[in-house]
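Hi,

Here is the structure I promised to pass on. Have a look at it first, then read my notes below.

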Amino acid sequence: MDAIAVVLGRPRQLSLQQLQLADAEDCLTVDIEWSAISTGTERLLYEGRMPSFPGMGYPLVPGYEAVGRVARAAPHSGFRKGERVFVPGAARCFGEVRSLFGAAASRLNVPPHRVVAIDETIGERGVLLALAATAYHALAIGGDGRAECVVGHGVLGRLLARLIVAMGGDPPVVWESNPERAVGAMGYRVTDPAADERRDYRLIFDASGDAGLLDSLISRLGPRGEIILAGFYSAPLTFSYPPAFMREAAIRVAAEWKHEDLLAVRNLIDTGRLSLDGLITHHADAKAAESAYRIAFDDPSCLKMVLDWRAAA
């Protein structure tokens, strides 16, 4: 079998290519309907700024946010043909072309344990499960739900804020300095950090990915306050020691989500407690991937770009 895939031949060189799928007897074959473009990790890969990471190297197929239908499933896989699923990358089927993480393609072979069945009604919004699981995992390591402030009103920041509310927490304050990104709050308040005078936050979640924010965040903590880094950072993170020392501040890194986080957010979505509405702002045919990636990276009004693969096979 063949697939059409987004291939980064080297930094800033992106094209659609027809690739032969390596046969994988124990894998599901999934025909992809939609995939999303990550403005975090995929942008770093595109610009050649990705820190050393397992599986790095060019050429590669990026992507870890895809929804499709099972085209082939072994009897023991737990899935059935025609079932709609979320695919968080993990494809290892493109031969000499690396997969990091390999979901931006019209067809994939993926291990069943990495795939999650989703309700038909979720449709293209299912591409957001990875970011929702990222937010859920960050909140889980935050312990007792004291979350008071979220930095950044992109998709990850919005999902963090929505999950805090959905899980019974007090609505957080969300910081956003870009007026175009400040709209769209659901049950919480968005403000410019310059207009927020608080200096006693107990728990701040950073979803900005900005490696230069630590000093300003530490200055907003109360005694023994904590910052949880939920974004992905390409540059080294540094901070001035005395302000952190005076507050006895804690800084924690949220690692990649786990499979159980995907299941947890799927349950919150299925029960109506978590909404994915209003987070996908842009669409493009997969055949226009090159321009779609530029829009996703450069247009501040683009929260999430989705590629439609249904006509690309």
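To start: is Phe-245 buried or exposed? At 53% relative accessibility, Phe-245 counts as exposed (exposed is over 50% relative accessible area, buried under 20%, partly exposed in between, with a 1.4 Å probe and protein chains only).

Before the rest, some housekeeping. This is a predicted model, where local features need pLDDT of at least 70 and side-chain atom pairs count only at pLDDT 80 or more, while totals for chains, interfaces and linings use all residues. Residues are numbered from 1 along each chain as its sequence is written, and side-chain values use heavy atoms, leaving out hydrogens and water.

Now the rings. Phe-245 forms a tilted aromatic pair with Tyr-241, at 5.7 Å centre to centre and 35° between the planes (rings of Phe, Tyr and Trp, the last by its six-membered ring, pair if their centres lie within 6.5 Å; planes under 30 degrees apart are stacked, over 60 edge-to-face, the rest tilted). Both sit in helix α5 (residues 241–247), 4 residues apart, so about one helical turn separates them (helices are DSSP runs of H or I, at least four residues, and strands runs of E, at least two, numbered from the N terminus). Tyr-241 is exposed too, at 55%.

Trp-175 and Tyr-201 make an edge-to-face pair, 6.1 Å centre to centre with 75° between the planes. This pair links distant parts of the chain, with Trp-175 in strand β11 and Tyr-201 in strand β13, 26 residues apart. Trp-175 is buried at 6% relative accessibility, and Tyr-201 is buried at 1%.

Cheers
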